[in-house]
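Dear colleague,

Please find the structure below, together with its sequence.

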Amino acid sequence: MHYSKLCEIYEELEKNPSRLKKAEILSEFLKTIKHEKHREIIYLLQGRVWPDWEEKEFGISEQLTIKAISRATGKPEEEIVKKWKKIGDLGEVAAETFKNKSQHTLFSAKLTTTKVLENLQALPDLIGKGTVDKKIGLIAELLSSASPIEAKYIARTLLNDLRIGTGSGTIRDSIVWACFDKEDKEAFEKVQSAYDKVTDFALVFEKALKGKHELDKIEISPGQPLKVMLALKAEDIHDGFERTKNDKGETALEYKYDGFRMLINKDEKGNIKIFTRRLDEVTKQFPEVIEHVNKYVKADTFIIDSEAVGYDKKTKKYTTFQHISQRIKRKYDIDKLSEELPVEINVFDILYYNGKSAIDMPFEKRREILEKIIKTEKFKFRLAEQIITSDEKRAAKFYKQALSDKEEGIMFKNLASPYKPGARVGHMLKMKPADNEFDLVIVGAEYGTGKRAGWLTSFDVACRDKESGEFLDIGKVSTGLKEKSEEGTSYEDMTNLVKPLIKSEHGKSVKIKPKIVITVVFQEVQGSPSYNSHYALRFPRFTALRTDRDTEDIATIDEVKKLHEKEALKRTF
Ligand code: AMP
């Protein structure tokens, strides 16, 4: 397909802010590409060149993009930077710069989606001497055959910011609408469930084109990242039982450990791979876990779901997530860090066992398998603490015991339920005491003054509107961060983390691409006219950098509203 055709769709999507309209435009477009190379088109529509689970990055900064634009147009870099400062979006800047480009490109070859994909896919693999120059070369090659609109979207794709609102919900709806009936609820569920198993919309679209039965054939397999099942909140013990009990009135209760989610995979060749809940592969970062898996799990192939919890070797006490969070991203001194900040694995589910998917089995059966194959040893590898009961008093005692054991709270699990990858369907519920806490994404920041000049010291945070995919401001966080930190969250660490994501600067304030998730505790939620969420957090305080979480995991505006209403209700009594 000619890239210009895809760009026409990008433009249409950008002009139509309604999510529904976007899905309609996309589905009409998908109907026309049935005989094209689907893969590349679906990826490019998402602003990517690989499936969602692929972690590769282009490694292209704004500066490099500017250099490439300059090389392709012959315009001086300073002129491009000037425009960028004024317009704020390098895509628009590219389009404008290309409008004034000399005419020789009229005779050059037309860009195809295949060519765009090829050049962009080659970027991360360039290493060694002269890498930067080679990268600029690949981009400039594309740009030199590009029209202004094509240049706009090449630049935006490179910077991972397509700005056309094609989030995963919109892509999913458009695939359903293109291949099935709009009202077909079953098709909608099948497409979503297939995606959650393979996190690759191109593959899902290929199967959907052939019919629902092909979607059913999509299976999970060890080594292939899949989305984890998510928990909803239980209001109290009674509510927890009501929503998860089986026909005997029983439910499974487990400790809720304070660490981070780990999906541990072993394939038929014996390869072990570990993924976080945002599908990042962290195998290399956790050598001790590989050792434990080999020693404490007796099965040929599997995918197990677990929580990795840090502990202090000297005091023999468990630590909080903040303490071990740096292990997730750390690429050097791994053995040293695994000695200093070891983790214990608490296994609570199994999704694949000896050559077969286990997700459709009831939880009770999956737990039986775990009990059979896992050998427990404290501070190494263990089964999650669990009781099965129909007695609310016994449950309350278990909850108390979890808290006195310094765990975060408890989980309620429906014994009869299957495992639903990627879903928050209420098969498991969480309950913990400190409810005034949200995971939020950083969307802006401000430079400090005096001793703190040069560092970003205050961060604008946002929640998410699930329907539109938009991020809505809800507060400014400056408390909780310090000048020095062992946990990789000093002002300097945060500044280094956030700086490459800066979209635009206005005086001391900067706008930031929404990528970094942090946990914020606060006293209460207030109504507020100053933020576009219409809510503000009172006394917000930073508590953790959630390197294991994505923007999809942050609090939604509905959750904010719900907490606000709950607090307002409490005040009336
Ligand atoms: P939250 O992060 O507050 O949404 O709580 C859900 C998270 O608790 C899961 O994603 C897991 O990482 C973690 N967790 C800790 N213990 C358990 C457990 N026994 N079962 C399931 N999830 C658990």
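The notes below cover a sheet, a hairpin and one threonine.

The model is predicted: local features need pLDDT of at least 70 and side-chain atom pairs count only at pLDDT 80 or more, while totals for chains, interfaces and linings use all residues. Residues are numbered from 1 along each chain as its sequence is written, and side-chain values use heavy atoms, with hydrogens and water left out.

An open sheet of mixed pairing is made of five strands in the order 1-12-11-2-10. Helices (H or I, at least four residues) and strands (E, at least two) are DSSP runs, numbered from the N terminus; two strands pair if DSSP finds at least two bridges between them. Strand 1 (232-233) and strand 10 (386-389) are the edges, each with a single partner strand, so one side of each has no neighbour in the sheet. Strand 11 (residues 409-413) runs antiparallel to strand 12 (residues 428-431), joined by four bridges; Phe412 has Leu429 as its bridge partner in strand 12.

Strand 14 (residues 456-464) and strand 15 (residues 471-477) are also antiparallel, paired over six bridges. They form a hairpin with six residues between them, and Gly469 in the turn has a positive phi of about 80°. Arg464 has Phe471 as its bridge partner in strand 15.

Thr73 lies in helix 4 (residues 62-73). Thr73 is buried (under 20% relative accessible area, with a 1.4 Å probe and protein chains only), at 14%. Leaving aside residues up to four places away in sequence, Thr73 touches Thr97, Phe98 and Lys101 (contact means heavy atoms within 4.5 Å).

Yours sincerely

Terms used
Buried means under 20% relative accessible area, exposed over 50%, partly exposed in between (1.4 Å probe, protein chains only).
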